[in-house]
Amino acid sequence: MVQFLDVILLTFLAVVAFAAVRMRDLFGIAMLLGVFSFLSASLFVVLDAADVAMTEAAVGAGVSTILVLSTLAATGKTVRPRSGRWKLPLFVTVMVGAALAYGTLDMPRYGDPSAPIQVHPIAKHYIEVSPQESGIPNMVTTLLAFYRGFDTLGETGVVFTAGIGVLALIGRRRRQDGTAAEALGPDVVAERHIIVRVVGKMMIPLVLLFACYVQAHGDYGPGGGFQAGVIFASGLMIYMLLFGIDAAERLVPPSVLQRLIALGLLIYGGIGVVNILQGGHFLDYRTLSSDAAHGIHYGVLGIELGVGITVTAVITTIIFTFTGYLRRGSATQQEA
Amino acid sequence: MYDFAAFLLLVAMALSIVRALQGPTVFDRILAANMFGSATVLMITTVGFMIERTDLVDIGLIYALVSFTGTIAVLRYVEYERVMAEKQAKRAAGAPKEQL
Amino acid sequence: MDMALDVLSWILLALGGAVAVLSGVGLLRFPDVYSRMHAASMLESLGAFCVLLGLFLQAGFTVVGAKLAILYVFLLLTAATAGHALAKSTYEAGVKPYERPGRRTDSQLGEGSNG
């Protein structure tokens, strides 16, 4: 049954991807990309990768959709007419696809017990040793945060860089033209959408609380810093969508967000430095406590907190920056 | 027992994909994507019980909360486009700036 | 007792799946956006109830069962609000409800025409 599910879901993915490429209306494509993300998360669930499925669920349904829609609102809704030259692009695509398919022939078959990843002794070592050594039942978290902690530091650095890049390229909101401001202003929402506003106000604390639960529960089930950060940012986004970007920026000022972006990464790297000062290696959490297992647990909790803070701040900054760009009004709206 | 329910939910997902590809208006597509999301939540929960990993219910919870955010974002976008189009039309008709 | 719970779960899960399929069929067959919204909301309320109750009977009164109950409450709340917002948006965009051709309009009925 699981293989059958795999085949069906992959077929759906292919159909949706093909339709998304062929469609002319950019908004329809945004909807299809949302569907694509749901399908990807289902595939990850069927492949028994719960942490990845959780991250895809948190990012694809909310944040990605909002980013695409902000871009559509700032630019335009229709695609430029196609150029009509199809032979050369088709040839290049087929050649690249054939080369990739030929490359996969050398890879081990799916689920092959003699594949290097299954056979290498380090995999057995992690599976057998990690629950006792660290006291954390979820092996994925132990691997990400302790055994491969340096990689995760790099990943957090990538998220940090993304936030800095968006800030550098698009920048802080400066109010120029008032027309776009009225469309997004609080009066548009407050008096016209009472039901959504009331229910939204009820949902925001639930979402934020659930984000804290996912952050803390990363040791025992799927979860952790990345997912929790995205869910927390989604809660703040509900507030922004319902009450306008002015109110949202009063709630979480961009200056605070910028400091939080750096704070999360500092916490992560700081724990590593503390480990060095206590006589161990960088990011060797066993020095944090007299009992090695407790030390690892404290270290994992600490760095997950750092990751969560950075991810929340970066995603919120990106969303605010993209939406704030609309306030300045695009050129077409000002000319007409 | 879980297989049968998962299969039926897959059928429902396929039908909503067809509507998402077809839907003449934009709201058909939003509706289809919303229903696809709900069906996915139910399917992920069922598959979680099927492969003996019941903590996948957390993923369903995340989807239920986050797809609400996505739907609100989509509807605000549609409203934004409509309000901007109206302003555009009024400006083209020559109304003074204070009336916009 | 276990057997009875299993049978009940089976029935509920099958019922939930049937509701989902019917909802999908309605999504395709109904003539306009507003009626399709009725079909889609069937999945989120009744379909979710049957499926989640069937799973709850399997999980019992544990943390997983509590999460299933919370999931149902969230689904109900968000589906109802999203449906309302969508319908309001659709109406304000000017989409008119479907009228079957040949249907007597309200004005004709009001003049006392025969049933």
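Predicted model: local features only at pLDDT ≥ 70, side-chain atom pairs only at ≥ 80, totals over all residues.
Confidence was examined for chains A and B. In chain B the mean pLDDT is 86, and 94% of the residues score at least 70. Within chain B, confidence is highest in helix α2 (residues 26–50), at a mean of 91, and lowest in helix α3 (residues 57–92), at 86. Chain A has a mean pLDDT of 84, with 90% of its residues at 70 or more. In residues 329–336 of chain A the pLDDT falls below 50, and this stretch makes 13 contacts in the model beyond near neighbours in sequence.

The secondary structure of chain B consists of 3 helices and 0 strands, in the order α-α-α from the N terminus. Chain B is more spread out than a compact globule, because its radius of gyration is 20 Å, well over the 13 Å that the globule rule gives for 100 residues. The C-alpha trace of chain B spans about 65 × 25 × 10 Å along its principal axes. Of the 100 residues in chain B, 65% are buried. Among contacts in chain B between residues at least 6 apart in sequence, 42% link residues at least 24 apart.

At 1.5 Å a residue, the 36 residues of α3(B) should span 52 Å, and the end C-alpha atoms of α3(B) are 53 Å apart, which agrees. After α3(B) comes Gly94(B), which has a positive phi near 90°.

With residues up to four places away in sequence left out, Leu10(B) touches Met43(B) in its own chain and Ile8(A) in chain A. Leu10(B) and Met43(B) are separated by 33 residues in sequence, while their C-alpha atoms are 7.6 Å apart in space.

Chain B is in contact with chain A through 46 residues of chain B and 48 residues of chain A. On the side of chain B that touches chain A, the elements giving two or more residues are α1 (2–22), α2 and α3 of chain B. The largest share of that side, 24 residues, is contributed by α3(B). Sorted by class, the side of chain B that touches chain A comprises 31 nonpolar, 6 polar and 9 charged residues.

A further contact joins chain B to chain C, with 40 residues from chain B and 42 residues from chain C. Helices α1, α2 and α3 of chain B each provide at least two residues of the side that touches chain C. Here the largest share, 14 residues, comes from α2(B). The side of chain B that touches chain C is made up of 27 nonpolar, 9 polar and 4 charged residues.

A bend of about 40° occurs in α3(A) at Gly60(A). Helix α3(A) is mostly covered, with 19 of its 25 residues buried.

Asp48(A) lies in the loop between α2 (26–46) and α3 of chain A. Although Asp48(A) is not a glycine, its phi is positive, at about 65°. Asp48(A) counts as partly exposed because it has 14 C-beta neighbours inside 10 Å, a count between the limits of 12 or fewer for exposed and 20 or more for buried. Leu283(A) is placed in the loop between α13 (254–277) and α14 (292–327) of chain A. The phi of Leu283(A), a residue other than glycine, is also positive, near 65°. Leu283(A) has 22 C-beta neighbours inside 10 Å and therefore counts as buried.

Conventions:
Residues numbered from 1 in each chain as written. Chains lettered and ligands numbered in written order. pLDDT = per-residue confidence, 0-100. Helix = DSSP H or I, 4+ residues; strand = E, 2+ residues; numbered from the N terminus. Contact = placed C-beta atoms within 7 Å. Nonpolar A, V, L, I, M, F, W, Y, C, P; charged D, E, K, R; others polar. Bend = angle between axes of the 7 residues up to and from the residue. Expected span 1.5 Å × (residues − 1). Rg over C-alpha atoms; globule rule 2.2 N^0.38 Å.
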